[in-house]
Amino acid sequence: MPELVVLPPTSWAAAVAQRLAGVVDDRPDVRICLPTGDTPRPVYRCLIERCGAGSSFASATIIALDEWLGLPPGDPARCEVRLREDLLDGLTAPPRFVPIDADAADPDAAAAAHDRIAAEGLDLAIVGLGPNGHVGFNEPGSDAASPTRVVELAPTSQAAAQARYGAGRTPTRGITLGMDRLLAAHELWLLVTGAHKADVLARALEGPETTDLPASFLRRHPRLVVMADAGAAAGVARA
Ligand code: GLP
């Protein structure tokens, strides 16, 4: 049974940031996989503020969760760019950062290289929840053993990218850490906010395990922590 933390939207980000800062304080050389997106952004903002007050990521290693393929270097939609702007560049002592090499001539080789980094061990993997139940870019059809790989993005993920970043340069493929690596992390956190994710979170936590909703496999992790705001947790019976 995962640990379920439900917080008011006003205190959610600060609470997650505080817990994450605690992880880094306890183990300065921690290896963490981090997502990008609307969900973690306020957490990162809080972290930057708290880091100024003492916590340090200087000895940590941050490993990217996923990345779009086909966007030009420096494109603001790139997960690498987002993570740098939303968190890493704001830290007084930046950690070692391992992005996914989306510009590699051979994306499969880039995925394999990223997988080797993750295989060295993840103390903590933090993931968001896609509206279609994806984790990273482990889209519907993925199972618990799905590896780090190049993926075709689901139409809903393409549409979400289009809505956020504008039409005309919507990538159709990405690279994601595999479900296998995420489930092998020592600890796994699922961050979810907003009433628009209430249904998908309820199904991920209390519906059947299914490849239609890859997040449902996260429950297999022995140390899964679900941190949701009250809106996202509204459909979860346990909450
Ligand atoms: C994106 C990413 C995921 C992210 C998810 C939710 O497409 N591939 O890594 O966690 O969708 O994003 P958001 O937090 O913006 O809702």
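Is C79 buried or exposed? At 7% relative accessibility, C79 counts as buried (under 20% relative accessible area; exposed is over 50% and partly exposed lies in between, with a 1.4 Å probe and protein chains only). C46, at 24%, counts as partly exposed. This is a predicted model, where local features need pLDDT of at least 70 and side-chain atom pairs count only at pLDDT 80 or more, while totals for chains, interfaces and linings use all residues. Residues are numbered from 1 along each chain as its sequence is written, and side-chain values use heavy atoms, leaving out hydrogens and water.

As for sulfur pairs, the count of disulfides (cysteine sulfur atoms within 2.5 Å of each other) comes to 0. The sulfur of C79 has its closest cysteine sulfur in C33, 11 Å away, so the two are too far apart for a bond.

Turning to the ligand, 13 residues surround it, and D38, T39, D66, R164 and K197 are the closest (a residue counts if one of its heavy atoms lies within 4 Å). This shell splits into 3 nonpolar, 6 polar and 4 charged residues. A polar side-chain atom of T39 sits 2.5 Å from a ligand oxygen, a polar backbone atom of D38 is 2.8 Å from one, and for an N or O atom in the side chain of R164 the distance is 2.9 Å. On its own the ligand has 390 Å² of accessible area (Shrake-Rupley method, 1.4 Å probe), and the protein covers 90% of that.

How values were computed:
A polar contact is a pair of N or O atoms within 3.5 Å; within protein, one must be able to donate a hydrogen and the other to accept it, and residues adjacent in sequence count only if both atoms are side-chain atoms. Ala, Val, Leu, Ile, Met, Phe, Trp, Tyr, Cys and Pro count as nonpolar, Asp, Glu, Lys and Arg as charged, and the others, Gly among them, as polar.
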